[in-house]
Amino acid sequence: MSKQAIPLYAADISQFSRSLAKQLSQDEAVPSHLSLMNMLARAAGFRNFQHMKAAHKSGQKMADGAEAAQIDHALVSRCLQHIDADGVMHRWPSRRRVQETCIWLFWAVLPKGEHLHERGVNALLDQVHSFGDAALLRRMMVGLGLLTRNRDGSDYLRVEQKPPSEALELIRRVKARRGA
């Protein structure tokens, strides 16, 4: 059995105790641990203990923002090592996983639904990095499907999608550094 604490709430203690007493009177022997937990859950209005446990777990997820994804804080920390106190990336990471998380910072800088020329994209990217390789950033965003472009570079468009949880946390922290 699980050791997770599950709170028991009864809107009407009188109804709860009547239901529990009725269930206990129907049982001839002393109920087992599981039988007693099922009785308590039924008295609280659930089908059984597992139903109560599942309802509690889904309620916690809803209270936590309805997102079950866990954030890899170590990855976010590795990304932040490449960003200065003003929120500007001063060097490009060497590890692919860190690069794929950091690239979302540049995606977030691009405006939604706005078609840009290559120079416009470069100007926006140059504001948030100091290692001087906007072409690397553009190519990576196109390769990962975060940005679309014409072959001649005349039309760039940000592809709208939800960033991974680590990228969202990184974006939030960098925005705080930038004061935005």
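Guide: A disulfide is a pair of cysteine sulfur atoms within 2.5 Å. Over the whole structure, a search finds zero disulfides. Cys79 is in none, the nearest cysteine sulfur being that of Cys102, 3.5 Å away. Cys79 counts as buried because its relative accessibility is 0%, and Cys102 is buried at 0% as well; buried means under 20% relative accessible area, exposed over 50% and partly exposed in between, with a 1.4 Å probe and protein chains only.

This is a predicted model in which local features need pLDDT of at least 70 and side-chain atom pairs count only at pLDDT 80 or more, while totals for chains, interfaces and linings use all residues. Residues are numbered from 1 along each chain as its sequence is written, and side-chain values use heavy atoms, without hydrogens and water.

Helices are DSSP runs (H or I, at least four residues), numbered from the N terminus. Helix α2 spans residues 33-43, and its buried residues are Met37, Asn38, Met39, Ala41 and Ala43. Gly45, which follows α2, has a positive phi near 105 degrees.

Helix α6 (residues 118-126) packs against helix α7 (residues 134-143) at about 110 degrees, with axes 10 Å apart; axes are lines fitted to C-alpha atoms over the stretch in contact, and angles run from 0 to 180 degrees between N-to-C directions. The pair is therefore roughly perpendicular, a term for angles of 65 to 115 degrees. Contact (heavy atoms within 4.5 Å) involves Glu118, Val121, Asn122, Leu125 and Asp126 of α6 with Ala134, Leu137, Arg138 and Met141 of α7.

Methods:
Helices (H or I, at least four residues) and strands (E, at least two) are DSSP runs, numbered from the N terminus. Angles under 35 degrees count as roughly parallel, over 145 as roughly antiparallel, 65 to 115 as roughly perpendicular and the rest as oblique.
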